[in-house]
Amino acid sequence: ESLILEVLTCVFEASQKSKPQKLTYLEEASVKVNLLRFHLRLAKDVKALSNKNYLSLQENLDEIGRMLGGWIRMTRN
């Protein structure tokens with residue numbers, strides 16, 4: 001299964017769970033987003049991805065990370 005699908009699965013699972021159960025899925029999604037960031041940098045470094053495509057994908061991942069971080073903070077409070 002791809003990391004993107006794993007992130008989506010975690011987010012979907014979190015959306016279906018009660019507040020105390022959400023955190024586990026959200027934190028797992030966050031770890032997978034960070035792993036995606038690592039893979040993206042690696043793809044750029046080995047020139048499998050152009051700088052333009054890297055920047056575009058990185059911006060999207062950063063936005064996903066911010067949204068996920070907000071949801072995690074909301075769930076913890």
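At 17% relative accessibility, R37 counts as buried, since buried means under 20% relative accessible area, exposed over 50% and partly exposed in between, with a 1.4 Å probe and protein chains only. R37 sits in helix α2. Leaving aside neighbours within four places in sequence, R37 is in contact with Q58, L61, D62 and G65; contact means heavy atoms within 4.5 Å.

This is a predicted model, in which local features need pLDDT of at least 70, side-chain atom pairs count only at pLDDT 80 or more, and totals for chains, interfaces and linings use all residues. Residues are numbered from 1 along each chain as its sequence is written, and side-chain values use heavy atoms, with hydrogens and water left out.

Now the overall layout. The protein chain has three helices and zero strands. Helices (H or I, at least four residues) and strands (E, at least two) are DSSP runs, numbered from the N terminus. From the N terminus on, the order is α-α-α. The C-alpha trace spans about 45 × 25 × 15 Å along its principal axes. Of the 77 residues, 26% count as buried. Among contacts with a separation of 6 or more, 60% come from residues 24 or more positions apart.

Next, the helix packing. Two packed helices are described by the angle between their axes and the distance between the axes. Here axes are lines fitted to C-alpha atoms, for helices over the stretch in contact, and angles run from 0 to 180 degrees between N-to-C directions.

Take α1 and α2. Their axes come within 8 Å and cross at roughly 160 degrees. The two helices are therefore roughly antiparallel; that label applies over 145 degrees, with under 35 roughly parallel, 65 to 115 roughly perpendicular and the rest oblique. α1 passes α2 in a left-handed crossing. A crossing is left-handed if the near helix is turned anticlockwise from the far one by less than a right angle, and right-handed if clockwise. On the α1 side, the contact includes L3, I4, V7 and V11. On the α2 side, it includes L26, A29, V33 and L36. By class, this contact has 12 nonpolar, two polar and five charged residues. Ala, Val, Leu, Ile, Met, Phe, Trp, Tyr, Cys and Pro count as nonpolar, Asp, Glu, Lys and Arg as charged, and the others, Gly among them, as polar.

Helix α2 (residues 19-45) also packs on helix α3 (residues 51-76), at an angle of about 165 degrees and with axes 10 Å apart. That makes α2 roughly antiparallel to α3. The contact has 14 nonpolar, five polar and eight charged residues. α2 passes α3 in a left-handed crossing.

What about the core? The largest nonpolar core has 14 residues, and L26, V33, L36, L40, L61 and L68 touch the most other members. Such a core is a set of buried Ala, Val, Leu, Ile, Met, Phe, Trp, Tyr and Cys residues joined through side-chain atoms within 4.5 Å. Helices α1 (3-16), α2 and α3 each give two or more residues to this core. The largest share, five residues, comes from α2. Beyond four places in sequence, V33 touches V7, L61, I64 and L68.

Back to the partners of R37. Q58 lies in helix α3. At 13% relative accessibility, Q58 counts as buried. Beyond four places in sequence, Q58 touches R37 and L40.

Finally, K44. This residue lies in helix α2. K44 is partly exposed, at 24% relative accessible area. Beyond four places in sequence, K44 touches L49, N51 and Y54.
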